[in-house]
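Here is a short briefing to read alongside the structure. Take a moment to open the viewer, and then follow the points below.

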Amino acid sequence: MKAHQTITACGVLLIAMAHAQGQTTFTKITTGDIVNDQASTFTGSAWGDFNNDGYLDVFVCTWEQTNILYLNQKDGTFTKVFQGPAFQDADAHLGAAIADFNNDGNLGLLVAAGGASDVAENPVLYQGHGDGTLTRSKVPLSIPAGFFWAAAWADYDNDGFADLFITDEGDSQSSGGKNMLLHNEGNGSFSRVSSGTIVNDITASRCALWADYDNDRLMDLLVINGALETISSITTMVMAPSHGY
Ligand SMILES: [Ca+2]
Ligand SMILES: [Ca+2]
Ligand SMILES: [Ca+2]
Ligand SMILES: [Ca+2]
């Protein structure tokens, strides 16, 4: 196993104090599982309403331990869920990214895995059922195993279907990995984009963030690189399709 700092971690939840004109202060929440659970290493997390009750829930990854879904009880508390296929495996989970990728009204989930591990792993796509349950999607991503750290969804070609970008830092012997861009075909399948800088830069990529920073209605992508000991931290901005990859 790659040298991996084992730490004890728990969440911190801050609640904004509402005022007529907006929030001005935050209060630290100190009670409940969500801020007191511990694992060797918590990694990625994401908010999403997995049971369609109008309140945001929280999915939290752990590295080589079970993941956890905290369902919002609408009263300031959360109920912990760690049963089901999205929670019980022990892959090297690093990042969670949420989207309704099949436009059925229910949030799904991509869990990036393999980063910080000596063994390449496959990212896992989960279909949400709108009731807080998730099952492994039968949709093949058709990409090789890798050392995946993070994922981010965005409809980069504005066809109405969320597409997926996954970062790969490479193994400990390499100078980096090849990131994956998967186009959502809208028919239940994804196709891997193989051309362009966005998928051919060899860097130790960890994080990715889509945003339309120039207001041209095309999503742009920020990739955060720099993880391996021999690589300095750098940031790569990849432009949206209209600018050419
Ligand atoms: Ca909810
Ligand atoms: Ca869905
Ligand atoms: Ca799309
Ligand atoms: Ca843009």
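**Strand pairing**

Strand β12 (residues 163–168) pairs with β14 in the antiparallel sense, over three bridges. Please keep in mind that this is a predicted model.

**Around strand β14**

- Is β14 enclosed or open? Four of the five residues of β14 (residues 180–184) are buried, so the strand is largely enclosed by the rest of the structure.

**The nonpolar core**

- The largest nonpolar core has 55 residues.
- Those with the most contacts inside this core are Leu94, Ala97, Leu109, Ala112, Ala151 and Ala152.
- Strand β11 (residues 148–154) gives the most to this core, contributing seven residues.
- Leaving aside residues up to four places away in sequence, Leu94 touches a set of residues that includes Cys61, Trp63, Ala112, Phe148 and Trp149.
- In soluble globular proteins, nonpolar side chains tend to be buried together.

**Confidence in the model**

- The protein has a mean pLDDT of 86, with 87% of its residues reaching 70 or more.
- Over residues 1–8, pLDDT stays under 50, and the model has 11 contacts beyond four places in sequence for them.
- Residues 230–234 also stay under 50 in pLDDT, with nine contacts beyond four places in sequence.

Note on methods:
Residues numbered from 1 in each chain as written. Chains lettered and ligands numbered in written order. Predicted model: local features only at pLDDT ≥ 70, side-chain atom pairs only at ≥ 80, totals over all residues. Core = buried A, V, L, I, M, F, W, Y, C linked by C-beta atoms within 7 Å. Buried ≥ 20, exposed ≤ 12 C-beta atoms within 10 Å, placed from the backbone. Helix = DSSP H or I, 4+ residues; strand = E, 2+ residues; numbered from the N terminus. Contact = placed C-beta atoms within 7 Å. Pairing = 2+ DSSP bridges. pLDDT = per-residue confidence, 0-100.
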